[in-house]
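Good morning, and thank you for coming.

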Amino acid sequence: MIGQDIFSVEPWAVTERELHLDLLAQSESIMALSNGHIGLRGNLDEGEPAGAPGTYLNGFYEIRPLPHAEAAYGDPEAGQTMLNVTNGKLIRLLVDDEPFDLRYGTVRHHERVLDLRAGVLRRDVEWVSPTGQGVRVRSTRLVSFVQRSVAAIRYEVEPLGEAARIVVQSELVANEPVGEHDPDENNDEDPRVAAALRAPLVAEQHIHDGLRGGLVHRTQGSRLRMAAGMDHHVDGPEGTVTTAHSEPDLARVTVSTGLEPGQTLRIVKMLAYGWSSQRSLHSLRDQVDGALASATRTGWESLLAEQREYLDDVWDRADIELDGDPALQQAVRFALFHVVQAGARAEGRAIPAKGLTGRGYDGHTFWDSETYTLHALTYLAPDVVKHALLWRHSTMDLAETRARELGLRGATFPWRTIRGQECSGYWPAGTAALHINADIADAVHRYLRATQDTDFEQGPGLEILVATARLWRSVGHHDAEGRFRIDRVTGPDEYTALVDNNVYTNLMAARNLRAAADVAVRHPHRADNLGVDQEEIASWRDAADGMEIPYDRELGVTAQSEAFTRYRAWDFQTTPADDYPLLLHHPYYLLYSSQVVKQADLVLALFKCGDYFTAEQKARDFDYYERITVRDSSLSAAIQGVVAAEVGYADLAYDYLGETAFIDLRDLAFNTRDGLHLASLAGTWLVAVAGFGGLRDTADTLAFDPRLPSRITRMSFRLLYRDRRLEVRIGAEETRYELLDGEPLEILHHDETITLHPKSPQTRPITRTPRRTPPPQPPGRSIPRRHRDA
């Protein structure tokens, strides 16, 4: 775990005041830069030491075998894993022939700053070599939001005290070792850690010309091709010499000079990347050369200016301001920064669970992309959401093939994937989790409500909704009493698998069916082209209206799935703290047959499908499931926080906001080294805006039910909705709504209709919700009470 004192508390930056070699892998994830297409882990410029080197291209992967101890029909035979591609971050330094390596000599000063407004990673080092020569090294790194294929580094060296002979080696390196984590960490026992591939890139071309260099490689199994290129601008004293060299896995530009005290060697390194499954070697190389030429013409200072301008617009529509907790304010902005950069320029690609910050989960995309990340981005960057949904749409042929393989109609989207094929080797917690199809449909429906994008609705949106509705109509059935049942599926809680009538799955499926029917009716000609007729639409509505929702009348609570409340009670009192997460220490049979919840499941239904439940029922259900939810998934805290706020536990919600916001800054899950928890970071927006802001997107407008915890004195946030920008400011006693631009908008405040006009803010009193004493978490799984911190 990363201690609270590693990063200084600042409103717009994450600053590491000194280097902690034992925490390198974690800080590399935290300091990662990305634009959704290129991802650079926050490795040191010189490459060593490193926790886990990482340079990633979204969607670039290799195929690996997916063996099964006992083969069964429908099991995937191959997996996909994101590759660490050609590393262009490397800039090695020799000082009087001594390698600049922080494990040797003396580090007088070392600081790194992730600047959340400038979108850059800055580094400032003062180091004395073992022979006594001091140097100051400063670098600034960016991955461009404006020029999608481009990254850039400014690198500066100056001597301290004596004159020095300086050699800088700027490199492109392919097939570098992936690095190793702490040997005391037995990662082999954790199924969440990615499978590593050694030397996966096959060299096709290496070139160097003046200050430029390039490498072209392909993969063996997936047959993908990538190219990386670099160019340099060198500013040094008279006598500075440059040379270049290349070989199959290496391109290098070497700069040699002598520096007197007061002199500085400055190097700007431009990088460009591209990949394709179809384009030729020459075409891809030319693409990279063109991107380099564009970046060089733009120049370093203009790249910085473009980056800042892009982020100024992002923060203008996405910032959340909190008064009363500076550390949490920093964590919330850190979370939003990473959520935005993960998808900013993904454009036709998925948003992986770790973004492009690490190879955890093999770089796969799961259901949490649509349920958490895209939920937040719908109101912050709707164009990013559209591109992510278009990626899902591009994989529909694979999803339809998978459905036929499983004997179903419509489309069955994969539980985990990079390209679109199912890559989960464990059926109960993979293919059986069919709710992912409703999650995707819900993301489509949410995007349509928030944007009114009719072209998308009658095109890809309708096709996804129809395909998923057909899936639910074929996977479920009407029983003898006319109730529509969906049996033997797995909901979000992976400790309760292969159940009948999981409430979250059934309610989301019903929403999916109704949305498909509504959109098909709005676009009859397009629906007819898809073979949808009135009889099929009626069957979707019948299934949705007849959906079975289990309820325990004796306990007065909604059963997570059929008979769940009659499972054996888990013995929390005798479960050692070291047994969490439980999946690493207890057999699945025991987990599957007990009342122990890995992550919010029924509680997620209370949030996502809240209109089904009364306020009183939500409170009873939350109290029941809070006592048995162990939060062995980072996805849980945010949802528990949203619902806690709604049912009157604002301070508990505040505690959950802390857990989800600090998940990586403080390494609460002990695996930040493998990449950031992107969905959990998106969950900070959910708790703040849907929890404390009470935002719910109804069929016709936005509804707010604001409330604040005792520690927060004021909160404000902005969002986009139907080509409008809206600002909400919540205080202890009242809430102020302002439409910053766009046509007039009707919203709901505590069920009161308000019509907002541009630049004419309106203020309403907050209806106080009686504060209740929250239920306890399971013994040994209590959440730290952040609201009690001084």
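In what order do the strands of the open sheet of five strands lie? Before I answer, a word on the source: this is a predicted model, in which local features need pLDDT of at least 70, side-chain atom pairs count only at pLDDT 80 or more, and totals for chains, interfaces and linings use all residues. Residues are numbered from 1 along each chain as its sequence is written, and side-chain values use heavy atoms, with hydrogens and water left out.

The order is E9-E8-E14-E19-E18, and the pairing is antiparallel. Helices (H or I, at least four residues) and strands (E, at least two) are DSSP runs, numbered from the N terminus. Two strands pair if DSSP finds at least two bridges between them.

Strand E8, residues 91-95, is joined to E9 over two bridges in the antiparallel sense, and Val 95 is opposite Glu 98 in E9. The loop between E8 and E9 contains Asp 97. This residue has a positive phi of about 70° although it is not a glycine. Asp 97 counts as exposed because its relative accessibility is 53%; the limits are under 20% relative accessible area for buried, over 50% for exposed, and partly exposed in between, with a 1.4 Å probe and protein chains only.

Ala 244 has Val 253 in E19 as its bridge partner. Together E18 and E19 make a hairpin, with two residues between them.

There is also an open sheet of three strands, with antiparallel pairing in the order E3-E4-E5. Its edge strands are E3 (33-34) and E5 (55-57). E3 pairs with strand E4 (residues 38-40) over two bridges, and Ser 34 stands opposite Gly 39 in E4. In the loop between E4 and E5 we find Pro 49, which is joined to Glu 48 by a cis peptide bond with omega of about -5°. Another cis peptide bond runs from Tyr 580 to Pro 581, with omega near 0°. Pro 581 belongs to the loop between strand E24 (568-569) and helix H13 (588-592).

Let us turn to the helices. At what angle do H3 and H4 pack? Helix H3 (residues 300-318) and helix H4 (residues 326-343) pack at about 120°, with their axes 12 Å apart. Here axes are lines fitted to C-alpha atoms, for helices over the stretch in contact, and angles run from 0 to 180 degrees between N-to-C directions. H3 and H4 are therefore oblique to each other: angles under 35 degrees count as roughly parallel, over 145 as roughly antiparallel, 65 to 115 as roughly perpendicular, and the rest as oblique. From H3, the contact involves Leu 311, Val 314, Trp 315 and Ala 318; from H4, Arg 333, Leu 336, Phe 337 and Val 340. Contact means heavy atoms within 4.5 Å.

Helix H17 (residues 650-661) and helix H18 (residues 678-692) pack at about 160°, their axes being 8 Å apart. H17 is therefore roughly antiparallel to H18. Among the residues in this contact are Tyr 654 and Leu 657 of H17, and Thr 684 and Val 687 of H18.

Next comes the interior. A nonpolar core is a set of buried Ala, Val, Leu, Ile, Met, Phe, Trp, Tyr and Cys residues joined through side-chain atoms within 4.5 Å. The largest nonpolar core has 215 residues, of which Ile 166, Ile 320, Trp 540, Trp 685 and Met 715 touch the most other members. Helix H10 (residues 503-522) contributes the most to this core, with 12 residues. Apart from this core lies another, of 18 residues, including Val 150 and Met 270.

Is Arg 392 buried or exposed? Arg 392, in helix H6 (residues 382-394), is buried, with a relative accessible area of 0%. Leaving aside residues up to four places away in sequence, Arg 392 touches several others, including Glu 370, Phe 413 and Ile 436.
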